[in-house]
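Please keep the sequence and the model in view while working through the numbered points.

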Amino acid sequence: MRLAPRSLHARLLVLSALASTAALGVAGFTVASVLERFVIEGLDERLDSQLTLLASVVAADGRIDRARLEQRLATLQAGPGWRWRIMTPTETTGSSDFPILDPGPPHHRPPDIARDDSSRLIPMEGASEAGVPVHARRLTIQTDAGPVTITAAAPRDVVLRPIRGALMPLFGVLILLAGLLTTATLVQLRVGMRPLRRLREQLTELRTGLRGTVDEDQPTELRPLAAELNALAAQNAAALAGARQSAANLAHALKTPVAALAIDVRDDPARSAQVARIDTTIRHHLARARVQVANHRMATALAPAVADLVETVGRLHLDRGVDFAIAIPDDLSVALDPHDLDELLGNLLDNAARYASRGVTIEAHRARDDARRIEVAVSDDGPGIPTAARDKVMQPGVRLDEQGDGHGFGLAIAIDLTAIYGGSLTLEDATPSGLRVVLTLPTA
Amino acid sequence: MRILLVEDDADLGPRIARALRDENFAVDLADDGIDAAHLGETELYDAAVLDLGLPGLDGVSVLRAWREAKRDLPVLILTARDAWSDKVAGFKAGADDYLVKPFRVEELVMRLRAMVRRASGHAQPRLECGPLRFDSQVGQFELDGLPLRLTAFEWRVLSQLMLRKGAVIERLNLLERVYEGDADVDSNSLEVIIGRLRKKIGADLIETIRGRGYRLTCPA
């Protein structure tokens, strides 16, 4: 299982969230400890002043001056849970419920306030019998009778309450800050990743032929990538041109000897059929090779291309006496390589002229439901294709009429070409009779 | 009918020439563009068959050179290039027809005959002159409904007269369209052919216009 998310966006977001959480955690912890230390120090000072008061009642011989103690006890600051105790080698006196104490953690030890050779001050932690945590200070003084320890304790709550009071709003602010940081990261990612997204969109357009190169005016980090992509596209285009050239060369190289062979065997029907098969195969594969490399999109004006093709097809079928009617607005352009447009419409017009009894119509207009598409319809008034046979005709390379060139070959090329350019081709009945081929093509 | 065949392939050129001669065409074969341009500009042809990929000068340039020299002979482009863009470019350069290799000889012959017939101003393939009938599509003559057997030379002369029936055809013009460029032409041979034709179709149809040439005169 992958732990890192696949999306760069998510990765950066997760990393940034982890980092800000960690930073805020450390900040919170630090603030809390510093705060605790300040408050503890304040408490320690109060306990230490109590210790000083209590120490003054212990005489040098180790005895406790009771009268003085009574007097001092009145001035001892105290609240609920504040306790004190004096232990001499001979007696112990102090408040009731004195808690059980341990030496506190070393970091609680402040610089000793009354450090001298005879006395030692240590912090202590513990809990009262009721389980209330306490903080304490113990002063050990040397007397002639031996060491005397004086301890003053206060509930930790005295410390913790102000800390809690300070930390609640602090954590609230920290959580708010974490939210703000995450939002800032999201915005940064969105803005920062925008050039990448734009580059990807351009790359899609490059691949589908809508543009020739990607924009090289990119942020510094993306500029080499854009340049590499353009170099790759140029290399591709060169390979494409090379493939087209190879196809043309192969056509010429094969067709001329096949033409000579066809003349040699023209009185032999069996061999003529073989040569015809060779010819069909060559034409089929060359047409395919051309179609597969065809994806250069550029704006090609429809009306002039159709006018040239109609002139050409008309001359090729001069003796059939077919009339062509053209209804194409001058401002229509399609996003097709002009050679591919010629190939596409040439085949359809040629089929139509071949099968028409009197006339061929070619019309074009912007598609009603999609302004980015152009609809082109080529109709003839010939016998048409029965609905049942249309599916078969739509399969590549199928020839309805095995004598001469049927609809199939040219139609197959037209189908392939429209598919490559993201268009569509459908067969319909022409009125009153004949075949109507309807194309949708992308506008330029 | 005399054809200029421009084909650089050493296998294909002579084969097409032979196949066309079998159909009674007189054929001059040029195997490079420069020769082709020169022949087309200086000799008289009824039509030309032009390959596009040629050494010396490419086919489209040859065609342009002819058109610039006001040579309006019908031209059929015979090429391996089968893209529609190539066909459009061929017609734009002034071609009259376009055929892709490999091709059926029958189709080439049919298209050549149709081109020549249309260039002579006939919309319909069947021509008539009195008892004489010519199906220009099949290249067949009939006299009084019966097929007429003709030698290649007789066919060339009679088809020329038939395509321009009623008009005087200059003797030299007729000679040029009957004999191939490298033929050894006897000064009397045309008269011999005319004489044989008169024996076959009757003496009245072909009229000799003294000092000028011949005319096919059709009885009303």
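1. Two residues are said to be in contact if their C-beta atoms, placed from the backbone, lie within 7 Å. The model is predicted: local features need pLDDT of at least 70, side-chain atom pairs count only at pLDDT 80 or more, and totals for chains, interfaces and linings use all residues. Residues are numbered from 1 along each chain as its sequence is written, while chains are lettered from A and ligands numbered from 1 in the order in which they are written.

2. Helices (H or I, at least four residues) and strands (E, at least two) are DSSP runs, numbered from the N terminus. Chain A has ten helices and 13 strands. A residue is buried if 20 or more other C-beta atoms lie within 10 Å of its own, exposed if 12 or fewer, and partly exposed in between, with C-beta atoms placed from the backbone. Of the 444 residues of chain A, 26% are buried.

3. A nonpolar core is a set of buried Ala, Val, Leu, Ile, Met, Phe, Trp, Tyr and Cys residues joined through C-beta atoms within 7 Å. The largest such core has 107 residues, and A:L349, B:I3, B:V6, B:A48 and B:L50 have the most contacts inside it. Helix α8 (residues 338-355) of chain A supplies the largest share, eight residues. A second, separate core of 23 residues includes A:L43, A:A136, A:A152 and A:A153.

4. Where in chain A does A:G94 lie? This residue belongs to strand β2 (residues 92-94) of chain A. A:G94 is partly exposed because 16 other C-beta atoms lie within 10 Å. Not counting residues up to four places away in sequence, A:G94 touches A:R83, A:W84, A:R85 and A:I86. A:G94 and A:A152 are 58 residues apart in sequence and 9.4 Å apart in space, C-alpha to C-alpha.

5. Two strands pair if DSSP finds at least two bridges between them. In chain A, five strands form an open sheet with mixed pairing, in the order β8-β10-β11-β13-β12. β8 (323-327) and β12 (424-429) of chain A stand at the edges with a single partner strand each, so one side of each is left without a neighbour in the sheet. Six bridges join β12(A) to strand β13 (residues 435-442) of chain A, and the two run antiparallel. A:D429 stands opposite A:L435 in β13(A).

6. For angles, axes are lines fitted to C-alpha atoms, for helices over the stretch in contact, and values run from 0 to 180 degrees between N-to-C directions. Helix α7 (residues 302-316) of chain A lies across β8 and β10 (359-366) of chain A, running at about 175° to β8(A). α8(A) packs on the sheet, touching β10, β11 (373-380) and β13 of chain A, and its direction makes about 20° with that of β11(A).

7. In chain B, four bridges join strand β4 (residues 75-79) to β5(B), and these strands run parallel. The bridge partner of B:L78 in β5(B) is B:L99.

8. The contact between the chains takes 22 residues from chain B and 27 residues from chain A. On the side of chain B that touches chain A, the elements giving two or more residues are α1 (12-22), α4 (84-92), β5 (97-100) and α5 (105-119) of chain B. α4(B) gives the most, with five residues.
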